[in-house]
Amino acid sequence: MLKFDPYYFQCPNCQAWFEGRNLKSELVNEAILYSDGKILYDNYITTRQKMILCPSCGHSFWVENPTEPFITFQKPDTAIYSWNTWRFFGISFSDNRGKLALIKHYQQFLKKSSYEPKREIYLRRLLWWAYNDLHRNFHYIRWKYFLNGFMSYGVWSAYRRMLLEGEKLFIKNLKNYNANLNRLLQLLEKHPEEQVDLELPEIYRELRQFDQAKALLDKATSRTHFTNEMIRHSKWKDSRVFMVTG
Ligand SMILES: [Zn+2]
């Protein structure tokens with residue numbers, strides 16, 4: 001079970017109140033790392049949501065460097081938007097429609113204005129993960145995941161259907177996905193301080209530039225399970241996001 005410390009903040013436009021949550025990470029039971037850098041703790045993404053879309057007035061704003069009185073740990077004595085109403089813009093991810101809606105939100109933010117590199121990298125990284133969510137865990141389509149008894153047939157076949165449909169949607173959006181990754185790559189190469197470990201070879205791999213990915217991986221100072229897996233997937237010419245540990 002994850003536990004969270006609540007905090008509260010206000011929309012700078014209409015002063016509506018929101019409840020946010022900080023993870024108490026010491027209580028995490030299970031962490032899953034994916035090759036694109038997305039990490040789930042007990043099935044929760046803990047990457048902070050820095051772009052908020054106010055459900056009350058539609059204003060979008062950044063919550064990046066929380067300072068009082070904009071953010072407080074004291075619960076205000078008024079109506080508050082709960083975490084689930086604004087987190088990921090209130091989207092439900094139980095089907096591919098929700099996943100597409102998340103992609104659309106990030107694309108709209110990027111279209112609406114230009115951002116300083118750090119913020120654009122943040123939005124493009126989350127857009128990248130959102131595209132990958134369409135076919136994340138694609139290995140679960142294999143029969144062995146039903147046969148090993150982790151899921152009932154009904155749950156597995158519904159999940160499998162969603163993944164197969166998600167893969168089709170991913171391919172349909174490939175042009176925009178590639179454009180986003182190319183731009184992210186350009187930004188990260190210009191701002192190496194924003195790069196996350198192994199992010200560049202992974203972007204090359206997902207762009208199907210396998211030789212570039214391998215060249216960068218060969219330069220990596222230490223061989224880990226992660227680098228070995230990335231080299232393996234590059235050799236197979238497999239560009240899909242994969243689960244590294246979980
Ligand atoms: Zn507002």
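The legends below describe close-up views of a predicted model.

**View 1. Domain division of the predicted model.** The protein is split into domain 1, covering residues 1-90, and domain 2, covering residues 197-234. Taken over C-alpha atoms, the centres of domain 1 and domain 2 are separated by 32 Å.

**View 2. The mixed sheet S8-S1-S2-S9.** Four strands make up an open sheet, arranged in the order S8-S1-S2-S9 and with mixed pairing. Strand S8 (71-72) and strand S9 (80-81) each have a single partner strand and stand at the edges, so one side of each lacks a neighbour in the sheet. Strand S1 (residues 4-10) is joined to S8 by 2 bridges, and these two strands run antiparallel. Within this part of the sheet, Thr72 of S8 is the residue opposite Tyr8. At the other end of the strand order, S2 pairs with S9 in the parallel sense, over 2 bridges. Here Trp17 has Ile80 in S9 as its bridge partner.

**View 3. The hairpin of S1 and S2.** Strand S2 (residues 17-23) pairs with S1 over 7 bridges in the antiparallel sense. Phe9 has Phe18 in S2 as its bridge partner. The two strands, S1 and S2, form a hairpin in which 6 residues lie between them. In the turn, Gln15 has a positive phi of about 65°.

**View 4. The antiparallel sheet S5-S4-S3-S10.** This open sheet is formed by 4 strands in the order S5-S4-S3-S10, with antiparallel pairing. Its edge strands are strand S5 (44-45) and strand S10 (243-245), each of which pairs on one side only. Between strand S4 (residues 39-41) and S5 there are 2 bridges, and the pairing is antiparallel. Ile45 in S5 stands opposite Leu40.

**View 5. Packing of helices H2 and H3.** Helix H2 (residues 96-112) packs against helix H3 (residues 117-133) at an angle of about 160°, and their axes are 9 Å apart. This angle makes H2 roughly antiparallel to H3, because angles over 145 degrees count as roughly antiparallel. The crossing in which H2 passes H3 is left-handed. From H2, the contact is made by Lys99, Leu102, Ile103, Tyr106, Gln107, Phe109 and Leu110. H3 contributes Leu123, Leu126, Leu127, Ala130, Tyr131 and Asp133 to this contact. Sorted by class, the contact of H2 with H3 contains 10 nonpolar, 1 polar and 2 charged residues.

**View 6. Packing of helices H3 and H6.** The axes of H3 and helix H6 (residues 174-190) cross at roughly 145° and come within 10 Å. The crossing of H3 and H6 is left-handed. On the H3 side, the contact is made by Pro117, Glu120, Ile121, Arg124, Arg125, Leu127, Trp128 and Tyr131. The H6 side consists of Tyr177, Asn180, Leu181, Arg183, Leu184, Leu187 and Leu188. By class, the contact of H3 with H6 has 10 nonpolar residues, 1 polar residue and 4 charged residues.

Technical notes
Residues numbered from 1 in each chain as written. Predicted model: local features only at pLDDT ≥ 70, side-chain atom pairs only at ≥ 80, totals over all residues. Axes fitted to C-alpha atoms, helices over the stretch in contact; angles between N-to-C directions. Parallel < 35°, antiparallel > 145°, perpendicular 65-115°, else oblique. Left-handed = near helix turned anticlockwise from the far one by under 90°. Contact = placed C-beta atoms within 7 Å. Nonpolar A, V, L, I, M, F, W, Y, C, P; charged D, E, K, R; others polar. Pairing = 2+ DSSP bridges. Domains from an automatic or database assignment.
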